[in-house]
Amino acid sequence: MQDFDLFVIGAGSGGVRCARIAAQNGARVAIAERRHWGGTCVNLGCVPKKLMVYAAEYGREIADAPSYGWDVTPVAHDWSTLISAKDREIERLNRIYVSMLEKAGVTLFTGDASFVDAHTVEIGPSELAPDASVQRVRAKNIVIATGSTPTRLNIPGAEHAIVSDDAFHLSDRPERVAVIGSGYIGIEFAGIFAGLGSKVDLVFRQQLPLRGFDHEMRAHLSELLPLNGIKAHPGRSPERIEKVADGYRLHLEGGDVIETDCVFMATGRHPNLAPLKLDNAGVATWDGRIPAKPDDATTNVPGIYAIGDVTDTYNLTPTAIAEGHILAERLFGEPGREWSFATTPKAVFFSQPLATVGLTEDEAAQSHDLDIYTSSFTPMRQTLSGRKGKTLMKLVVDAQSKIVLGAHMIGPDAPEIIQGLAIAVTAKLTKRDFDRTIGLHPTSAEEFVTMRSLTRHVPRKAG
């Protein structure tokens, strides 16, 4: 039986970073992956989704090109070409992840890993290695980094729906898509399918999409949905899915029915813990997750750690990477870098992307008197084409110290702009620092340093 200083279960972004940094610090490290080297982000998440977002963006740019003088021949999108190109890129990235680990001296196991006891792991056959023989290894330290998996609603006919994992491998683009859910995945795929020419219905229980984001941004996004060819059904819940001769019927509470070719459940994700046999090691869970803090990663069992989506704290690739790096250095090296998890920027890659960093207005008002600055305008790119949909920017500022507590934007290039502002919010720069910064003209980003008029003052919430 092989013995290691560190064994990582799951070769997603967090697991790979943890294994690689530990190995570079001299530890004997092994890692096991059951399905995809690189994990969800590389194979069934951020990367292929962003490629599909680009595909949808090209369609809008072609539609707007004549207003800039381009004589564009009518074109049609070929779904199979996109999927084939996406698959080639993902295969290339898979090889890169394997190569990085091997160059760092990490031992690779392909198969389904589960606990035998607190220091022993068994690796057996899996989707990626169906014929693998069963092996056992021992390790002083074990890291659980198995990520998350899509959650299906428990309604009649749920087996007829697809989830995000399936969307990347559809043989054809559905002409009619009913998306259930308005979180990251629901909003992004609604925009992708609509941008590629599908008729899209978006069903969600809240009155506004993107629960947890700034209310003003959510309201603005809801106004953009119909402008992007998406029919929203807010405040509605699905009751059942019925298969019919020419597709499916999605029945909503209240009696409405959506006729569609594809029902897409974008109804959240949950930690992927079922295959691990955590009871054999005594690892405690709470509400389906492992309660470990991002900057600590410890579980209730000494020597067993949890990072990334299994802790269900941030569910973001960069935070999982940071957690893995911090843990590897704490166990085997000298603590070096530190990360500000509280100011983790977030982005939703819709047709007009939304990005944010820091506190929402409602969050900040719990403990601060606030000055709110906003700016709404038509982006220059849309002035000749006449494309509808304004950009909205917002700064949430502590009224006493003038520290910028949050920055929010929806519009072209929002993720790229907010990444830069995330440095300012993390550094606790003030509105005065923004004001004394000279703008880069003509850009949308300059609006963040030219907001002079106070939109409103918000007193701290009582209690």
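Me: What's the relative accessible area of Glu259?
Reply: Glu259 comes out at 36%, so it counts as partly exposed. Here buried means under 20% relative accessible area, exposed means over 50%, and partly exposed is in between (1.4 Å probe, protein chains only). Keep in mind that this is a predicted model, where local features need pLDDT of at least 70 and side-chain atom pairs count only at pLDDT 80 or more, while totals for chains, interfaces and linings use all residues. Residues are numbered from 1 along each chain as its sequence is written, and side-chain values use heavy atoms, with hydrogens and water left out.

Me: Which side chain does Glu259 meet in a salt bridge?
Reply: That's Arg249, at 2.9 Å from N to O. A salt bridge here is a side-chain nitrogen of Lys or Arg within 4 Å of a carboxyl oxygen of Asp or Glu. Glu259 is in strand 13 (residues 257–260) and Arg249 in strand 12 (residues 247–252), so the pair ties together parts that are 10 residues apart in sequence. Arg249 is partly exposed too, at 29%. Helices (H or I, at least four residues) and strands (E, at least two) are DSSP runs numbered from the N terminus.

Me: How many salt bridges does the count come to?
Reply: 28 by this rule. One of them joins Lys394 and Glu216, 2.8 Å from N to O. Lys394 sits in strand 20 and Glu216 in helix 7 (residues 215–227), so this pair links parts 178 residues apart in sequence.

Me: Lys394, buried or exposed?
Reply: Buried, at 1% relative accessibility.

Me: What's joined to strand 21 by 5 bridges?
Reply: Strand 18 (residues 354–358), also antiparallel to strand 21. Ala355 stands opposite Met409 there.

Me: Why call strand 21 largely enclosed?
Reply: Because 7 of its 7 residues are buried.

Me: What's the strand order in that open sheet?
Reply: 17-18-21-20-19-22, 6 strands with antiparallel pairing. Strand 17 (346–348) and strand 22 (456–458) are the edges, each pairing on one side only.

Me: Switching to helix 1: how many of its residues are buried?
Reply: 11 of the 12, so helix 1 is largely enclosed by the rest of the structure. Among the buried residues are Arg17, Cys18 and Arg20.

Me: Last one: where is Val72 found?
Reply: In the loop between helix 3 (46–64) and helix 4 (79–103). Val72 is partly exposed, with a relative accessible area of 32%.

Definitions and conventions. Pairing = 2+ DSSP bridges.
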